[in-house]
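Me: Hey, could you walk me through this model? I'd like the overall picture, then a few helix contacts and single residues.

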Amino acid sequence: MVTTFIPTFNEKSRVIINYVDQFIDRPIDLHKLLFKKTVDEILTTQFGLSWPYQSQRADEIKTLVDGYYECLLYRVSHIYLKWDFLYRLTDFYKRQMKVQTKFFQFISGTREYKNTEFQGKLTEDENELYERISTNKLNYLEKCLWLEGEKQLTRENVLDELVTILVGGSNTSADTLLLILLMLATHQDCQDRVEAELHELFESADDCVTPEHIANLKYLEVVIKETVRLFPILP
C-alpha cells in the first residue's frame, strides 16, 4: 500500500525542493515548510483530497495545531491545572475550545464531502469498490467511512480518527524530517556519505524515487534510525 504513495511523495518533494532553491542565501522557516509538506501529503494520500489551495489550507492547519499545542503545553507545565474545573477558568481553555471548534469544523466538512463522494461510488460501481477493499487499496478516510457504513465505527469515531492522524502525523513527521536535516548539517562526514549513496543510485537530481531506490538507501536508513533513536517523538 505504501508504495502506491511514492509518486505523490515524489511530486510533493519536488515542489518543496523548487521552493527551497529560492532561499539558498536567505533564511527560511524549514519547520513550517516541512509541516505544510506533510499536511499536503496526508490530505492527498490518507484523505484522498487534491484541492487547488491545499498548501494554503496547510497554513491554516498549522496555526490551529500550534495554538492547540501551546494550550496543551501550558496546562501540563502547570500541575494545578490537571483539575478540569481550574483549567476551565483560564484564558488558555477558552483559546483551546476555539481552536478545537475550528479544527473539527474543517475535519467534519472534509468527512461530509468525502462521504458523499464515497456513497456515490458505492452506488455507481459496488464491484469496483469491493475489489479495492479486498486488495487493500482504500485510503484511510475511505476505510473509516466503510467501517462507519458497516456500523463498526460511529461518526464521532471517524472524526476522532481523522483528527488524530492529521494532528499527530503532521507534527511528528515534520519534526523528524527537520531533525534529520539538522543532524546531517551537524555531521558533515555523514552528510557526505549520504550524498555519495544518492549519487550512486541516481543518475540526476531529476530522477524519481522508486521502491528499488528506497530498498538500497542503506546508509540513509541508518541515519534516519539513529536520529529517531537520539530524538524520539515520544519519551
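Reply: Happy to; below we go from the overall layout to helix packing and then to individual residues.

Me: Great. What kind of model is it, and how are residues numbered?
Reply: It is a predicted model, where local features need pLDDT of at least 70, side-chain atom pairs count only at pLDDT 80 or more, and totals for chains, interfaces and linings use all residues. Residues are numbered from 1 along each chain as its sequence is written, and side-chain values use heavy atoms, with hydrogens and water left out.

Me: How many helices and strands are there in the protein?
Reply: The protein has eleven helices and zero strands. Both are DSSP runs numbered from the N terminus, with helices being H or I of at least four residues and strands E of at least two.

Me: And the overall dimensions of the box?
Reply: Along the principal axes, the C-alpha atoms fill a box of roughly 55 × 55 × 30 Å.

Me: What share of the residues is buried?
Reply: Of the 235 residues, 34% count as buried. Buried means under 20% relative accessible area, exposed over 50%, and partly exposed in between, using a 1.4 Å probe and protein chains only.

Me: What about contacts between residues at least 24 apart?
Reply: Taking contacts between residues at least 6 apart in sequence, 67% join residues at least 24 apart. Contact here means heavy atoms within 4.5 Å.

Me: OK, helix packing. How do α1 and α2 cross?
Reply: The axes of α1 (residues 6-20) and α2 (residues 30-45) come within 10 Å and cross at roughly 155°. The two are therefore roughly antiparallel to each other. Angles under 35 degrees count as roughly parallel, over 145 as roughly antiparallel, 65 to 115 as roughly perpendicular, and the rest as oblique. Axes are lines fitted to C-alpha atoms, for helices over the stretch in contact, and angles run from 0 to 180 degrees between N-to-C directions.

Me: Which residues make that contact?
Reply: On the α1 side they are Thr8, Phe9, Lys12, Ser13, Ile16, Tyr19 and Val20, and on the α2 side Leu33, Lys37, Asp40, Glu41, Thr44 and Thr45. By type, they divide into five nonpolar, four polar and four charged. For those classes, Ala, Val, Leu, Ile, Met, Phe, Trp, Tyr, Cys and Pro count as nonpolar, Asp, Glu, Lys and Arg as charged, and the others, Gly among them, as polar.

Me: Now α11. How does α8 pack on α11?
Reply: Helix α8 (residues 155-186) and α11 pack at an angle of about 110°, with their axes 10 Å apart. That makes α8 roughly perpendicular to α11. Thr176, Leu179, Ile180, Met183 and Leu184 of α8 meet Val223, Ile224, Thr227 and Val228 of α11. That contact has seven nonpolar, two polar and no charged residues.

Me: And where does α9 come in?
Reply: The axes of α9 (residues 188-201) and α11 come within 8 Å and cross at roughly 145°. Cys190, Arg193, Val194 and Glu197 in α9 meet Lys218, Tyr219, Leu220 and Val223 in α11. Here the residues divide into five nonpolar, no polar and three charged.

Me: Back to Thr227. Is Thr227 buried or exposed?
Reply: Thr227 counts as buried, at 3% relative accessibility. Thr227 sits in α11 (residues 218-230). Leaving aside neighbours within four places in sequence, Thr227 is in contact with Leu179, Ile180 and Met183. The C-alpha atoms of Thr227 and Thr176 are separated by 7.9 Å, though the two are 51 residues apart along the chain.

Me: Last one: what happens at the two ends of α7?
Reply: Asn139 caps the N-terminal end of α7, with a side-chain oxygen 3.1 Å from the backbone nitrogen of Leu141. Just after α7, Lys151 takes a positive phi of about 65°, although Lys151 is not a glycine. Lys151 lies in the loop between α7 and α8 and is exposed, with a relative accessible area of 74%.

Definitions and conventions:
A polar contact is a pair of N or O atoms within 3.5 Å; within protein, one must be able to donate a hydrogen and the other to accept it, and residues adjacent in sequence count only if both atoms are side-chain atoms.
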